[in-house]
Amino acid sequence: MTNHPLDALLKAHGVAAVVPQTPANPSFSVIVRTQGNRPKSLREAVTSVHAQTYQQYELIIVVHGSLAAFETVSAEFAASAGISEDSNASPQNTSKTKNSSGTPINNTPGKTRVLHVQGGGRARPLNVGLDAADGDYVCFLDDDDLAKPQWLSVFAKTAGNAPGTIIRAVVESQNWTTEGSGQPVRAVGDVEKPFAGSFDLLAHMSMNDTPICSIAVPRLAVERFNVRFDEALPVFEDWEFLMRLAMLVGVTSTPEITALYRRLDSGNADTVHDQQTWEETHAEVIKRLSNRPVLLPVGDAQRVASSHYVVGGESRHSQELQKAREELAILTRSPRRWFQAFSTKAFKVLVQRIRNRAR
C-alpha cells in the first residue's frame with residue numbers, strides 16, 4: 001500500500017493520520033472541460049465516457065464560453081439520463097447533496113450535468129467542476145481527449161490497493177489534424193507513449209509529465225486541504241495542482257493505458273499560447289514550488305543526497321555541467337586553445353597515476 005507523505009510524516013511524530021480514506025468500490029465524478037466550439041470532438045469525448053466498463057460515475061460537462069455555446073451543448077446532451085442544467089455556475093453557488101459523513105447520497109451512475117461558466121482562464125471550469133463533484137474520486141477530460149473503456153475501472157482497481165492517494169495511469173498521444181475546423185478530424189501520426197510510465201515526484205519538480213486525463217484525485221482530500229486549480233495561471237494549472245496535492249496524499253501509479261491525448265495542429269493550448277507564455281509560466285510554477293516546504297515520499301531523501309549538494313551552492317552535477325559548457329565555449333571559440341588545455345589536463349592526470357603506482 002502506498003504511504004501518504006503527510007500521514008507518514010505525522011506518524012513519525014506520533015500524530016494521527018489526517019488524509020481521508022476512500023471506499024473499496026469508489027464512485028467517480030468525470031469533469032469534461034469544453035468551450036462548446038468543438039461539438040464533434042465533445043461528442044466523441046462524452047461517448048468515450050459512456051462506454052466505460054465501470055459504471056459508478058457522474059458526468060459533469062463544464063461549458064466555458066458564451067450562453068449560446070452552453071445552450072447548444074445542453075441541447076446536444078438533453079437525452080442523457082438525469083441531465084440537469086446550471087447556467088452561470090460558480091464555486092459559490094454550486095450545491096451538493098451529502099450525508100453527515102461527507103459521503104455522496106443518491107449518486108446515480110451515469111448522471112449527467114451541464115454547467116456554464118464565463119470569465120477566468122483555463123482553470124476556472126476545472127474549479128467549477130470540482131465544487132460540483134459528488135464522487136469519491138474526480139477525474140478530468142478535455143473535449144479533445146478520449147477515454148478508453150477501461151479508464152475508470154483501472155482507476156477503481158488501483159484505488160482499492162491505495163485508498164486516498166492520487167491514481168495515475170498511462171496516456172498515449174497522437175497527432176491529429178483539424179483541417180481548419182478547430183476540432184480533430186483525422187489522425188496524422190502513429191500512437192506514441194511520450195509520457196513517463198509512472199509518477200516520480202522529484203522528476204516532476206522540473207517539468208510536468210502527467211496529462212490531466214491520466215489522473216483521478218480523491219475528492220475528500222481535495223476539500224480537506226482546500227487544493228484548487230490556480231486561476232491566475234494561463235497554462236500548467238494541472239501541473240501546479242498535481243504537485244501540491246501529490247505532496248500531501250501521494251501518488252499510486254499503474255502501467256495500464258487508459259486514455260488518448262490528441263495533439264491538435266491548432267486550437268489547443270500548445271498553439272493558442274506563445275512560447276514565451278509557456279516559459280514564463282513554467283518558471284512561475286517552479287518558483288511557487290521553491291517557495292513552499294517540500295514533502296517528499298519515503299525513500300526520496302536518499303535520491304536527493306546522491307545529487308551531492310554543496311553548502312550554499314548547487315549540486316555537484318550542476319557544477320560539472322557548467323564546467324562542461326565553459327569548455328565547450330572555449331572549443332567553439334578556439335579549438336587550438338581547447339586542445340592545449342585538454343592536453344595539459346591529460347598530462348597532469350597521467351603524471352599523477354605514475355606517481356601513485358610508484359608509491
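Guide: Let us begin with a group of rings: Phe28, Tyr54, Tyr137, Trp151 and Phe155 form one aromatic cluster. This is a predicted model, in which local features need pLDDT of at least 70, side-chain atom pairs count only at pLDDT 80 or more, and totals for chains, interfaces and linings use all residues. Residues are numbered from 1 along each chain as its sequence is written, and side-chain values use heavy atoms, leaving out hydrogens and water.

Visitor: Why is the pair of Phe140 and Phe229 called edge-to-face?

Guide: Rings of Phe, Tyr and Trp (its six-membered ring) pair if their centres lie within 6.5 Å; planes under 30 degrees apart count as stacked, over 60 as edge-to-face and the rest as tilted. The centres of Phe140 and Phe229 are 5.5 Å apart and the planes stand at 85°, so this pair is edge-to-face.

Visitor: What makes Phe140 buried or exposed?

Guide: Buried means under 20% relative accessible area, exposed over 50%, and partly exposed in between (1.4 Å probe, protein chains only). Phe140 has 1%, and is therefore buried. Phe229, with 3%, is therefore buried.

Visitor: Why is Glu179 called partly exposed?

Guide: Its relative accessible area is 48%, so Glu179 is partly exposed. Glu179 also has a positive phi of about 50° although it is not a glycine.

Visitor: Which residue has a positive phi of about 60° although it is not a glycine?

Guide: That residue is Phe236. With a relative accessible area of 15%, Phe236 is therefore buried.
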